[in-house]
Amino acid sequence: MTRTRTGYLLALVLALLSAGCTGAGDDAAGGRITLRFQSLAWQEESVRANKELVGEWNATHPGVKVEYVQGSWDSVHDQLLTSFEGGEAPDIIHDASDDLADFAYGGYLADLRELLPERLKADIPQRSWRAATFGDGIYGVPFLQEPRVLIANATWLRKSGVRIPTPEKPWSWAEFRRITKELSGPGRYGVAWPLKEPVSATLNLSLSAGGQLFHRGPDGRVTVRFEAADEVVPRTVHDQVGTDHSAPGSTLGSGGSDTLPGFFGGRYAMVPLGFSYRQQIVQQAPEGFDWQVLPAPAGADGLTQGVSPQTLSVAEDSPHKKAAAEFVDFLLRPRNMVRLALGDWMLPTGTRALRDPALHTTKDGWATGTALAARLRPAPAQSVRGYPEWKDKVATPAFQEYYSGAIGLDTLRERLEKDGNLVLARYQR
Amino acid sequence: MRTSRQARAGQYLALLAYLVFLAFPFLWLVSTAFKSPRELGSLHPTWIPRHPTLDNFRQAFDEQPLLHAALNSLLAALAAALIAVLVATPLAYVMARHRTGLARVATGWVVVSQAFPLVLVIIPLFLVLKNLRLINSLPGLVMVYVVWALPFALWMLVGYVRAVPAELEEAAAVDGAGRVRTLVSVTAPLLAPGLVATGLFAFITAWNEFFFALVLLKTPEKQTLPVVLTHFIGAEGVADLGPLAAAAFLATLPSLVVFAVIQKRITGGMLTGAVKA
């Protein structure tokens with residue numbers, strides 16, 4: 001290597017070292033507060049809505065500058081955990097309520113009860129607040145949520161002559177099973193279940209049948225009991241796959257997006273998906289493909305189902321908690337909440353935002369989803385300590401084996417209860 | 001003779017199959033990057049996009065600061081590669097030429113250090129860098145990359161140094177060359193392919209690295225390409241596939257270019273002409 005080339009390379013390294021030697025910047029440079037807002041928005045419209053709102057805040061609040069930081073759903077837990085440990089967490093944190101328990105109990109998040117204005121507290125229903133309440137404190141503002149719905153091939157359904165369910169008159173689980181059988185034929189299935197994450201899907205839908213699975217005793221200890229009501233949803237899926245052959249076994253290990261090509265290709269009449277998947281369907285559906293949104297089947301408890309709302313939290317270490325809470329309040333004013341909901345193709349939690357006409361149009365199934373909002377409850381397990389381990393080590397493999405037909409209902413029950421309670425007990429000593 | 005021809009045909013077939021196996025993900029990535037959303041949702045995927053579009057690239061650039069992130073990645077990877085080679089070369093020379101107990105311990109430590117899981121070191125590392133005020137800075141990240149690449153770089157270079165016959169250095173000494181002159185004029189040129197290969201290893205490691213960059217870089221203007229790529233992935237693994245493929249395709253290009261440019265140096269025969277047969 002010549003001397004000149006070595007010189008260039010050394011100059012490059014020195015330039016890099018000197019240019020990059022800056023920290024995140026002083027929080028209050030020039031008497032102005034700077035807040036970091038880490039958003040997990042990822043769809044084009046959603047990112048745009050978030051950035052526009054940050055821009056509007058900055059234009060109207062000269063004393064408090066908010067810096068938009070892009071985070072990622074894929075890695076948010078590890079990234080936040082390290083940031084908290086290192087005292088470098090963003091001031092305002094976007095996450096999902098089922099990811100908050102560890103951070104809340106770990107003391108990393110600020111209790112928002114005294115920080116939020118009455119307007120915001122009153123606007124969001126109590127059931128949604130429960131999703132972000134851990135112990136006595138509230139550690140996040142639940143602002144967006146999505147029910148699981150049935151996305152259906154409208155032409156197929158119309159031609160078959162089956163009754164089309166509505167939020168007022170949904171299918172029962174038994175009716176759903178009968179109809180999917182009726183819709184099936186050689187190489188065609190009434191429904192395709194994408195159950196890559198079988199536990200949350202099963203537990204959340206089981207609320208409709210009165211399933212509870214986690215039971216908290218008077219001493220506060222939680223135990224798992226897989227009772228008759230908990231059986232309804234898993235048994236339906238199991239029988240559709242293994243007995244009726246109205247659902248293919250091949251999609252059980254797939255994510256929602258993986259089932260869309262088969263859905264568009266006329267292989268499946270319906271796919272149970274999160275409400276926000278409509279955005280992908282609008283983008284990807286072939287010209288002329290007629291689809292519609294149907295409510296998920298209802299059981300003894302009607303259309304009730306569990307959700308883990310998206311939340312906005314404030315870091316406990318933030319030196320400007322009040323300003324951060326004011327920004328959260330700004331972001332979640334009814335009109336702004338609607339903008340965020342439309343950008344993410346989800347439902348807002350705020351009651352005033354939910355009344356916005358833009359969310360009641362029949363186009364793209366908005367009205368059907370909005371009609372379900374009042375029946376959404378916190379996901380059954382999100383305040384149960386040890387749930388992640390129970391889910392990964394016990395419940396996920398057990399449900400996967402049950403759905404694929406490798407084990408029966410009794411073995412499923414035994415594993416969920418016996419093995420599951422051993423795991424939970426370790427967290428409740 | 002016939003058997004030998006058949007065997008050779010079998011070998012070529014196996015090689016072809018291996019090449020197809022290796023090329024498939026990349027070719028599929030390229031194909032996906034040029035497909036429209038409707039084509040991506042088709043039940044019958046095609047190799048050649050029916051209606052090729054640049055929209056995915058437009059969207060990827062519109063949504064995320066890809067060029068800036070690529071520049072950050074390039075600076076971090078180049079600096080890490082250069083520093084790793086500069087630091088590892090003299091160490092490797094000492095370990096290869098002086099087989100003392102310390103060298104053996106060092107080699108053992110190098111091997112063991114490769115087994116450390118990232119999660120084990122990330123929080124202490126984060127705290128150390130924070131105290132040094134090197135969080136959210138490319139130099140901090142470069143330091144981590146150098147430390148992370150160093151053990152393997154050292155291990156690689158020790159092998160290359162050992163492959164240079166010590167007799168050559170002795171001959172140079174007999175001819176009157178001093179220690180430094182011998183190292184610069186005799187050893188270093190023969191070591192060049194090894195240095196290039198080691199630098200390339202450090203470059204690729206840093207270019208592809210995700211976790212450290214995710215945790216250590218806070219502000220958007222500092223983030224590297226692998227971190228920015230995850231911004232195309234939503235909750236429950238849902239992905240904006242077209243823009244993600246477009247951005248990922250662009251992210252693979254520098255590695256390919258670097259390989260294409262220097263592959264001759266790696267495969268060019270280390271000791272050509274050095275020792276007479």
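**Close-up views of a predicted two-chain model**

**View 1. A nonpolar patch around B:Leu15.** B:Leu15 sits in helix H1 (residues 2-33) of chain B; helices here are DSSP runs of H or I with at least four residues, strands are E runs of at least two, and both are numbered from the N terminus. This is a predicted model, where local features need pLDDT of at least 70, side-chain atom pairs count only at pLDDT 80 or more, and totals for chains, interfaces and linings use all residues. Residues are numbered from 1 along each chain as its sequence is written, chains are lettered from A and ligands numbered from 1 in the order written, and side-chain values use heavy atoms, leaving out hydrogens and water. B:Leu15 counts as partly exposed because its relative accessibility is 45% (buried means under 20%, exposed over 50%, partly exposed in between, with a 1.4 Å probe and protein chains only). Together with B:Tyr12, B:Tyr18, B:Leu19, B:Phe21 and B:Leu22, B:Leu15 makes a nonpolar surface patch of about 700 Å². (Patch members have over 30% relative accessible area and no salt bridge, like charges being joined within 9 Å and nonpolar side chains, meaning Val, Leu, Ile, Met, Phe, Trp and Tyr, within 5 Å; a salt bridge is a Lys or Arg side-chain nitrogen within 4 Å of an Asp or Glu carboxyl oxygen; areas come from the Shrake-Rupley method with a 1.4 Å probe, and for residues only the protein chains shown count as cover.)

**View 2. Helix H5 of chain B and its buried face.** Look for B:Ala103, B:Val110 and B:Ser113, the buried residues of H5(B). Down the helix axis they fall within an arc of 90 degrees, so they line one face (the arc is that of the directions from the axis to the C-beta atoms). These residues pack against helix H4 (66-97) and helix H7 (138-163) of chain B, with contact meaning heavy atoms within 4.5 Å. On the other side, B:Arg104 and B:Val105 are exposed.

**View 3. A:Gln284 and its neighbours in both chains.** A:Gln284 belongs to helix H12 (residues 278-284) of chain A, and counts as buried because its relative accessibility is 11%. Leaving aside residues up to four places away in sequence, A:Gln284 touches A:Leu260, A:Phe264, B:Pro37, B:Arg38 and B:Gly41.

**View 4. A:Leu213, with a positive phi.** Most residues other than glycine have a negative phi. A:Leu213 isn't a glycine, yet its phi is positive, about 60 degrees. You'll find A:Leu213 in the loop between helix H9 (198-206) and strand E9 (214-216) of chain A, and it is buried, at 4% relative accessible area.
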